[in-house]
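The sequence and the model come first.

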Amino acid sequence: MLISIINTKYWIIEGAHLNWVNPSFCRADLIVFLNPSYSTITYRIITRFIKQRLRLEQAHYTPTWDMFKKMFEWSAAFQREGKHQIQETLEDYPGKVVVVKDLKQLKQRLEQWMPSIEQQERTSD
């Protein structure tokens, strides 16, 4: 399925499972690594849990206190190991990687990137 996706002209793939999306990196024009601050991650875990417990937001799991604790454990493991694995993998794709901490940075980087991709499209047509 991944191959059929990356063979199309435009696509976006979420890469929480690095090994699954790794083949798409070669075909990507741009790789965005979302790297929010620890305080942002903590805030989002807490607010998501509260919203799910109040049934203001759906969850594909039961939002128990045990699950709440596990989310912090997973987040800590990502900070210790996962983030470094991703950064190491992305070193193989210089010039394609943009690291951003928030939506404002993402918008700025995309605005900088868009003129260069539009120029590439004009010269390849």
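In which loop does Asp92 lie? Asp92 lies in the loop between α4 and β2 (97-100), where helices (H or I, at least four residues) and strands (E, at least two) are DSSP runs numbered from the N terminus. This is a predicted model, in which local features need pLDDT of at least 70 and side-chain atom pairs count only at pLDDT 80 or more, while totals for chains, interfaces and linings use all residues. Residues are numbered from 1 along each chain as its sequence is written, and side-chain values use heavy atoms, with hydrogens and water left out.

With a relative accessible area of 60%, Asp92 is exposed; here buried means under 20% relative accessible area, exposed over 50%, and partly exposed in between, with a 1.4 Å probe and protein chains only. Asp92 and Phe25 are separated by 67 residues in sequence, yet their C-alpha atoms are 9.2 Å apart in space.

**Overall architecture**

The protein has five helices and two strands, and their order along the sequence follows the pattern α-α-β-α-α-β-α. Of its 125 residues, 26% count as buried. The protein exposes about 9,700 Å², of which carbon and sulfur atoms supply 55%; accessible areas come from the Shrake-Rupley method with a 1.4 Å probe, and for residues only the protein chains shown count as cover. Among contacts (heavy atoms within 4.5 Å) between residues at least 6 apart in sequence, 53% join residues at least 24 apart.

**The nonpolar cores**

In soluble globular proteins, nonpolar side chains tend to be buried together. A nonpolar core is taken here as a set of buried Ala, Val, Leu, Ile, Met, Phe, Trp, Tyr and Cys residues joined through side-chain atoms within 4.5 Å. The largest such core has nine residues, namely Leu18, Val21, Phe25, Ala28, Ile31, Phe33, Ile86, Leu90 and Tyr93. The elements that give two or more residues to this core are α2 (18-21), β1 (31-34) and α4. Apart from it lies another core, of six residues, among them Ile41, Ile45, Phe49 and Met71.

Phe25, a member of the nine-residue core, is in contact with Leu18, Ile31, Thr89, Leu90, Tyr93 and Lys96 when its neighbours within four places in sequence are left aside. Thr89 in turn touches Leu18, Asn22 and Phe25, not counting residues up to four places away in sequence.

Helix α3 (residues 38-53) has 16 residues and reaches 23 Å from its first C-alpha to its last, close to the 22 Å expected at 1.5 Å a residue, the expected span being 1.5 Å times one less than the number of residues. Its buried residues are Ile41, Thr42, Ile45, Phe49 and Gln52. Seen down the axis of α3, these buried residues fall within an arc of 110°, so they line one face of the helix; the arc is that of the directions from the helix axis to the C-beta atoms. The buried residues of α3 pack against α4 (65-90), whereas the face turned away from the buried side carries the exposed residues Ser39 and Tyr43. Just after α3, Arg55 takes a positive phi of about 60°.

**Charged pairs**

Side chains of opposite charge can pair when their charged atoms come close. With a salt bridge defined as a side-chain nitrogen of Lys or Arg within 4 Å of a carboxyl oxygen of Asp or Glu, the count comes to four, including those tabulated here.

| Salt bridge | N to O distance |
|---|---|
| Arg48 and Glu57 | 3.7 Å |
| Asp66 and Lys70 | 3.5 Å |
| Arg80 and Glu81 | 3.9 Å |

Arg48 is partly exposed at 39% relative accessibility, and Glu57 is partly exposed at 29%. Asp66 and Lys70 both lie in helix α4, four residues apart, about one turn of the helix; Asp66 is partly exposed with a relative accessible area of 45%, and Lys70 is partly exposed at 33%. In the remaining tabulated pair, Arg80 counts as exposed at 54% relative accessibility, while Glu81 is partly exposed at 46%.
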